[in-house]
Amino acid sequence: MKRLAEVLGDWEAVIGLEVHTELTTLETKMFCNCKNTHDDPPNTNVCPVCLGMPGALPVPNRAAIQSIVMAGLATNCQIMRHSMFYRKHYFYPDMAKNFQTTQGPVAFCMHGRLDLEVSGGGAAERPAWEDVAGDGTTAIAREKDGSYVVPIRILRIHMEEDAAKMVHVGGEEGRITAATESLIDYNRCGTPLIELVTEPDLRTPEEARLFMEKLQQTFKTLGISDCSLENGSMRCDGNISLRRRGETRLGTKTEMKNINSFKSLHDALEYEICRQAEVLEEGGIIYQETRHWEPSRRRTVVMRVKETADDYRLFPDPDLAPFDLTDDFIEEAREKIPELPDAKRDRYMRDYGLKQADAAQLAGDPKVATFFEESLAGAPAKAVSTVANVMVNLAPSFDALAPAQVRGIASLLAEDAITFAQAREVLEAVNGTDADPESVVDERGMRQVTDAGALEPIVDEVLARCADQVQQYRDGNKKVVGYLVGQCMKASKGSGNPKLFNKLLAERLGA
Ligand SMILES: [Zn+2]
């Protein structure tokens, strides 16, 4: 098969995503008051409603509807005042009542938008020809470094309920094929679930990955879900079709299932783009089908030919009255929305002078952002950018640091008392303990001499001893200063501050 870059030169990939998110932070299920958790023994959080017993009546969860309205507002959706629940019929053991309660043509949230910032290697995936399409529909403005911002439209976010969890025993990779038994856990049945559907505005696997990442950050920040792709509380299906560049008609799409990581999403789309190109270039046709991503074999395989929407016999649920959301209800949801990642990133750049990539990394995860802000509390002004530097470059290697320890390390770095390499050693020592970085530095005698008066004699001694290197420096070999700093460090038995040695050497050498 051809490589992605080659394929995308000839073909345009048209990608849309459907993202299911369980509202894991709610206490109870969508239409009954069963506990909303999957951690208990199987089939213990169940009742006549979520088991679909005849005559049981559903009662909608107010907090779940507030959560979906928050999700809609945070993704620039229009909140629909009037909507209703529908029954989507199917027969499968994971839903005992034989229909899923979901929404019809009008969802609580319609027509939103998320802006994606695409940079680095990912930006190169979108071929340059897109910029010169000329008709203004596909053109995206690029920065000098190739990065760009692309708006991704959201068609809708609707409210529904999750099905029971099925475990297939004995089959390969937990699939039903070749399984000897299938087990059902109805604890998950009736879990509040929101489904977000994008317009087919994504053009590269990297854009799809970034969209999911941004959505995850947004929903986590809202506090409506733990958004775990690994545990399945956030699940993503991708639709993909190809068309020759310049063509406006959409090709036949396939749907990708079983995507449980950002990497799988990227790799499955990349594979599918290349597979479809190969079929089309050999004169074959693409069938509308659902395909399953096999990470271990790095390929997609056919799961089933897609059923049409009519098969579900969708109609309004007679047990649930239509909704009319009031302005007060919507305002209450709006007031609950905390500062979102983009706004936080911009504030970090503005207030702390951070670089965009660092600010985005710190602002993306609400836990990281809170930790960062706690680390800043009481930090000396000159240590603020160092706190960010430690958080971005060092802290991710350690899982049990306290904000005060990060603040302590940053202060030591900011006053040049230790080097960056030593900071790593100190963090390793304090990780998971309540030790204070300052005492660790003192106990280990790591504190750097930052008094120029004490270091000058060492610099003079080294310069006198290394006449050859000094001559090389004067002849234009500026790199030799690294060797001289090394000699100074050695002469000071590692206690001198390398930055200061550098500065003193530069002064002496007349740089
Ligand atoms: Zn129940």
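**Entry 1**

I started at Y348, which counts as buried at 0% relative accessibility. I take buried as under 20% relative accessible area, exposed as over 50%, and partly exposed as in between, with a 1.4 Å probe and protein chains only. Before going further, I noted that this is a predicted model: local features need pLDDT of at least 70, side-chain atom pairs count only at pLDDT 80 or more, and totals for chains, interfaces and linings use all residues. Residues are numbered from 1 along each chain as its sequence is written, and side-chain values use heavy atoms, with hydrogens and water left out.

Y352 counts as partly exposed, at 25% relative accessibility. Y348 and Y352 are separated by about one helical turn, because they are 4 residues apart in helix α7 (residues 341–352). An α-helix has 3.6 residues a turn, so residues three or four places apart point the same way. My helices (H or I, at least four residues) and strands (E, at least two) are DSSP runs, numbered from the N terminus.

**Entry 1: the whole protein**

I find 17 helices and 16 strands in the protein. The C-alpha trace spans about 95 × 55 × 50 Å along its principal axes. Of the 511 residues, 48% are buried.

I looked up the contacts, meaning heavy atoms within 4.5 Å. Taking those between residues at least 6 apart in sequence, 71% join residues at least 24 apart. The accessible surface is about 24700 Å², and carbon and sulfur atoms own 51% of that surface. The areas come from the Shrake-Rupley method with a 1.4 Å probe; for residues, only the protein chains shown count as cover.

I also checked charge. There are 60 positive and 79 negative side chains, and the centres of the two sets lie 3 Å apart. Lys and Arg count as positive, Asp and Glu as negative; His and the chain ends are not counted. Each charge is placed at NZ of Lys, CZ of Arg, CG of Asp or CD of Glu.

**Entry 2: aromatic rings**

How many aromatic pairs does the structure hold? I get 8. Rings of Phe, Tyr and Trp (its six-membered ring) pair if their centres lie within 6.5 Å; planes under 30 degrees apart are stacked, over 60 edge-to-face, and the rest tilted. F108 and F323 make an edge-to-face pair, at 5.5 Å centre to centre with 75° between the planes. This pair links distant parts of the chain, 215 residues apart: F108 is in the loop between β5 (99–103) and β6 (109–118), and F323 is in strand β16 (residues 323–324). F108 is buried at a relative accessible area of 0%. F323 also counts as buried, at 17%.

F108 and F323 belong to one aromatic cluster with F31 and F85.

Next I looked for charges over rings, where NZ of Lys or CZ of Arg is within 6 Å of the ring centre and within 35 degrees of the ring normal. K88 puts its charged end over the ring of Y312, 4.5 Å from the centre. K478 lies over the face of Y473, at 4.5 Å from the ring centre.

H266 is in helix α5 (residues 262–281). Its relative accessible area is 14%, which means buried. Leaving out residues up to four places away in sequence, H266 touches E125, P205, E206 and R209.

C32 is in the loop between β1 (11–22) and α2 (62–74). It is buried, at 12% relative accessible area. The C-alpha atoms of C32 and N61 are 7.7 Å apart, although 29 residues separate them along the chain.

S241 lies in strand β11 (residues 234–244). Buried or exposed? S241 counts as buried, at 4% relative accessibility. Its contacts, not counting residues up to four places away, are E12, A13, V14, G251, T252, K253 and Q276. The C-alpha atoms of S241 and P200 are 9.5 Å apart, with the two residues 41 apart along the chain.

**Entry 3: helix α10**

I finished at α10 (residues 384–393). This helix is mostly covered, with 7 of its 10 residues buried. The buried ones are V384, T386, V387, A388, V390, M391 and V392. What covers them? The cover includes α7, α8 (356–364), α9 (366–376), α11 (403–414) and α12 (420–430).
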